[in-house]
Amino acid sequence: MIYSKEVENMCTVAKGPKHGPAPIPEEGKWVKSYDIKDISGLSHGIGWCAPQQGACKLTLNVKEGIIQEALVETIGCSGMTHSAAMAAEILPGLTVMEALNTDLVCDAINTAMRELFLQIVYGRSQSAFSDDGLAIGAGLEDLGKGLRSQVGTMYGTLKKGPRYLEMTDGYVTGLALNEDDEIIGYKFVNFGKMMEFIKNGDDANTAFEKAQGQYGRVNDAVKIIDPRKQ
């Protein structure tokens, strides 16, 4: 340790009270975090890349400083999906500090890791007040049935109006319009359910029919349009 001449010439003044760090809520306990191993919790981070053409939602389940579970969801960039595949392989087993300084290739995933790190080390995790935290596997609950990311895709123009393309329900196959050409409902197919039907032995057409549904006043529609072509 090298000290400047100015510091060397100073006299020593005793420090006052040493209370340590303020405790933070972690998995149902109040914890004073001194080391990485003192950090536990499940939380989410949202990140974006430098050109802001893609985004990532990162979910980590950390136990005693070690990442036990990682869910990486990306949107808007085709290359980002490959970076996410790498991240899902790299992150489990690292400490949250190692993960913060790991090259995850994609800016959006790195930014999400930074934001998530802040959530966890400041005690703002989703499991802050849950006794013993959340079980490994809890990250998958964000995906719902069919284990697909919750995606909403909407498009609109001033001249032609709005188009619903994908909702939480699934891929939108038809928009229900009233006599004023206003949207009053939609028809959809749930890809997660459709794939399950196919894996369980249904042919593709049967699975497609069984996975369809509708929302709103579809039965009152004057016409139903294909939002991608009409």
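Which residue in S5 does asparagine 61 stand opposite? Asparagine 61 stands opposite glutamate 69. The model is predicted, with local features needing pLDDT of at least 70 and side-chain atom pairs counting only at pLDDT 80 or more, while totals for chains, interfaces and linings use all residues. Residues are numbered from 1 along each chain as its sequence is written, and side-chain values use heavy atoms, with hydrogens and water left out.

Strands (E, at least two residues) and helices (H or I, at least four) are DSSP runs, numbered from the N terminus. Three strands make up an open sheet, ordered S3-S4-S5, with antiparallel pairing. Strand S3 (41-48) and strand S5 (66-75) are the edges; each has a single partner strand, so one side of each lacks a neighbour in the sheet. From one strand to the next, the twist averages 15°. Pairing requires at least two DSSP bridges between two strands. Strand S4 (residues 55-63) and S5 run antiparallel and are joined by nine bridges.

Two helices are placed against these strands. Helix H2 (residues 78-90) lies across S4 and S5 and runs at about 170° to S5. Helix H4 (residues 107-121) packs on the sheet and touches S3, S4 and S5. The direction of H4 makes about 140° with that of S3. Contact means heavy atoms within 4.5 Å. Axes are lines fitted to C-alpha atoms, for helices over the stretch in contact; angles run from 0 to 180 degrees between N-to-C directions.

The largest pocket holds about 210 Å³ of space. A pocket is an open set of points on a 1 Å grid over the protein atoms alone, where a 1.4 Å probe fits, with protein on both sides within 12 Å along at least five of seven lines; lining residues have an atom within 4 Å of a point. Volume is the space filled by probe spheres set on the points, which are joined across faces, edges and corners. The lining includes Ala55, Lys57, Glu73, Asp142 and Val151. S4 and S5 each supply at least two lining residues. The lining divides into four nonpolar, three polar and three charged residues. Nonpolar covers Ala, Val, Leu, Ile, Met, Phe, Trp, Tyr, Cys and Pro; charged covers Asp, Glu, Lys and Arg; the others, Gly among them, are polar.

Positive phi values occur in two loops. Glutamate 27, between strand S1 (24-26) and strand S2 (29-31), has phi near 50°. Glutamate 27 is buried, at 9% relative accessible area. Glutamine 52, in the loop between S3 and S4, has phi of about 55°. Glutamine 52 is exposed, at 62% relative accessibility. Buried means under 20%, exposed over 50%, and partly exposed in between (1.4 Å probe, protein chains only).
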